[in-house]
Amino acid sequence: MSPSTRTLVVVRHAKAGHEPGLSDPERPLTGRGERDAREAGEHIRKLRPALVLASPSVRTRRTAELLGLDAPVEIERDIYEAFPDDLLGLLRRTDPGVGSLVLVGHNPGVHELVASLTGERVDGFPPGAFAVIELAGPWEEAGAGSGRLVRTYHP
């Protein structure tokens with residue numbers, strides 16, 4: 001990877017439950033979701049991310065925590081219910097010193113972000129899935145077709 005190449009890992013939160021009386025942002029992970037998040041973390045850790053951005057929902061914060069990455073986790077309210085353009089805007093504001101970034105969010109936004117950045121059709125993006133994308137330039141130049149899909153992972 002050249003110094004100007006950036007690595008983005010786009011993660012859909014792990015499987016969450018539906019509990020009566022809880023609002024959508026309060027939904028917790030299921031036992032399976034917790035296991036899947038830990039397993040995804042085993043793969044993502046090898047990429048040595050410098051920063052994790054997560055939606056403020058309970059399920060995304062817990063997914064980010066269970067990934068077990070040696071990187072700070074920042075909660076970004078703009079990730080919740082975000083469209084791909086919103087997520088691209090967030091990526092473009094990333095500190096230029098961050099070489100590898102993990103974004104933990106929700107569908108359909110994260111799935112559509114992967115498709116937009118890579119120009120590739122990714123069949124399905126279930127809870128706990130992630131995609132690794134290489135971007136050839138700085139974060140501020142992230143846009144449609146600017147990335148290369150390196151790998152996808154489904155639990």
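Which residues does Arg62 touch, not counting residues up to four places away in sequence? They are Leu29, Glu34 and Arg38, where contact means heavy atoms within 4.5 Å. This is a predicted model, in which local features need pLDDT of at least 70, side-chain atom pairs count only at pLDDT 80 or more, and totals for chains, interfaces and linings use all residues. Residues are numbered from 1 along each chain as its sequence is written, and side-chain values use heavy atoms, with hydrogens and water left out.

Stay with Arg62. It is found in helix α2 (residues 58-66). Helices (H or I, at least four residues) and strands (E, at least two) are DSSP runs, numbered from the N terminus. Arg62 is partly exposed because its relative accessibility is 24%; buried means under 20% relative accessible area, exposed over 50%, and partly exposed in between (1.4 Å probe, protein chains only). Its side chain makes a polar contact with the side chain of Glu65, at 2.4 Å. Such a contact is a pair of N or O atoms within 3.5 Å; within protein, one must be able to donate a hydrogen and the other to accept it, and residues adjacent in sequence count only if both atoms are side-chain atoms. Pro28 is 34 residues from Arg62 in sequence, yet 7.9 Å away in space, C-alpha to C-alpha.

Now the sheet. It is open, with six strands in the order β3-β2-β4-β1-β5-β6 and mixed pairing. Two strands pair if DSSP finds at least two bridges between them. β3 (73-75) and β6 each have a single partner strand, so one side of each is left without a neighbour in the sheet. The twist averages 20° from one strand to the next. β5 and β6 run antiparallel, joined by six bridges. Glu134 stands opposite Arg148 in β6.

Two helices lie against these strands. α3 lies across β1, β2 and β4, at about 150° to β4. α4 touches β1, β4, β5 and β6, and its direction makes about 150° with that of β1. Axes are lines fitted to C-alpha atoms, for helices over the stretch in contact, and angles run from 0 to 180 degrees between N-to-C directions.

The largest nonpolar core has 26 residues; Leu8, Leu91, Leu101, Leu103, Val114, Leu117 and Ile133 touch the most other members. Such a core is a set of buried Ala, Val, Leu, Ile, Met, Phe, Trp, Tyr and Cys residues joined through side-chain atoms within 4.5 Å. Elements giving two or more residues to this core include β1 (6-12), α3 (84-92) and α4 (109-118). Another core, of 15 residues, lies apart from it, with Val11, Ala40, Ala64 and Leu67 among them. The buried residues of α3 include Leu87, Leu88 and Leu91, and they pack against β1, β2, β4 and α4.

Thr94 sits in the loop between α3 and β4. It counts as buried because its relative accessible area is 10%. A polar atom of its side chain lies 3.0 Å from the backbone oxygen of Leu91. Leaving aside neighbours within four places in sequence, Thr94 is in contact with Leu101 and Trp139.

Finally, the structure holds one aromatic pair. The ring centres of Phe130 and Tyr153 are 4.8 Å apart and the planes are at 20°, so the pair is stacked. Rings of Phe, Tyr and Trp (its six-membered ring) pair if their centres lie within 6.5 Å; planes under 30 degrees apart count as stacked, over 60 as edge-to-face and the rest as tilted. Phe130 is in β5 and Tyr153 in β6, 23 residues apart.
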